[in-house]
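Here is a briefing for a reader who is new to this structure. Please look through the sequence and the model before reading on.

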Amino acid sequence: MGLFGDMFKGAVNGLNDMSRFRSEYASYSDSRLISIARGEGIFGSKFTEKAAALAVLKDRYGEEGAKEKIRNGY
């Protein structure tokens, strides 16, 4: 597999992770999603985890509402 094949495989894996995290995070509380989206904790969150948490918050509150929640921390 060449460079582009590896890049495509990585992109597909990222989308699969995003979908998996988004399904899992749908049942999480807002405060937990905000913590994940901010990358808080000992080791922080991976980019796909942050993006999935933000996507769930956007589903719940819209784009501006999600940003407001993350900014204010609640």
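This is a predicted model: local features need pLDDT of at least 70, side-chain atom pairs count only at pLDDT 80 or more; totals for chains, interfaces and linings use all residues.

Residues are numbered from 1 along each chain as its sequence is written, and side-chain values use heavy atoms, with hydrogens and water left out.

**Nonpolar core**

- The largest nonpolar core has 13 residues. Such a core is a set of buried Ala, Val, Leu, Ile, Met, Phe, Trp, Tyr and Cys residues joined through side-chain atoms within 4.5 Å. Buried means under 20% relative accessible area, exposed means over 50%, and partly exposed lies in between (1.4 Å probe, protein chains only).
- Tyr 25, Tyr 28, Leu 33, Ile 36, Ala 53 and Leu 57 have the most contacts inside this core.
- Helices H1 (3-25), H2 (30-38) and H3 (47-72) each give two or more residues to the core. Helices are DSSP runs (H or I, at least four residues), numbered from the N terminus.
- H3 supplies the largest share, 6 residues.
- Tyr 25 touches Leu 33, Ile 36, Glu 49, Ala 52, Ala 53, Val 56 and Arg 60, leaving aside neighbours within four places in sequence. Contact means heavy atoms within 4.5 Å.
- In soluble globular proteins, nonpolar side chains tend to be buried together.

**Salt bridges**

- The count comes to 7 salt bridges. Each is a side-chain nitrogen of Lys or Arg within 4 Å of a carboxyl oxygen of Asp or Glu.
- Asp 59 and Arg 22 form one of them, at 2.8 Å from N to O. Asp 59 lies in helix H3 and Arg 22 in helix H1, so this pair ties together parts that are 37 residues apart in sequence.
- Asp 59 is exposed, at 54% relative accessible area. Arg 22 is partly exposed, at 34%.
- Asp 30 and Arg 60 pair at 2.5 Å, N to O. This bridge links distant parts of the chain, with Asp 30 in helix H2 and Arg 60 in helix H3, 30 residues apart.
- Asp 30 counts as buried, at 18% relative accessibility. Arg 60 is partly exposed, at 32%.
- Lys 67 bridges to Glu 63, with the closest N and O atoms 3.4 Å apart. The two are 4 residues apart in helix H3, so about one helical turn separates them.
- Both ends of that pair are partly exposed: Lys 67 at 35% and Glu 63 at 43%.

**A buried charge without a bridge**

- Glu 49 sits in helix H3.
- Glu 49 is buried yet has no salt bridge, and Lys 46, the nearest side chain of opposite charge, is 4.9 Å away. Lys and Arg count as positive and Asp and Glu as negative, while His and the chain ends are not counted.
- Beyond its neighbours within four places in sequence, Glu 49 is in contact with Phe 21, Tyr 25 and Ile 36.

**H2 against H3**

- The axes of H2 and H3 come within 9 Å and cross at roughly 105 degrees. That makes H2 roughly perpendicular to H3.
- Axes are lines fitted to C-alpha atoms, for helices over the stretch in contact, with angles from 0 to 180 degrees between N-to-C directions. Roughly perpendicular covers 65 to 115 degrees.
- Residues of H2 that meet H3 include Asp 30, Leu 33, Ile 34 and Ile 36. Among their partners in H3 are Glu 49, Ala 53, Leu 57 and Arg 60.

Methods
Angles under 35 degrees count as roughly parallel, over 145 as roughly antiparallel, 65 to 115 as roughly perpendicular and the rest as oblique.
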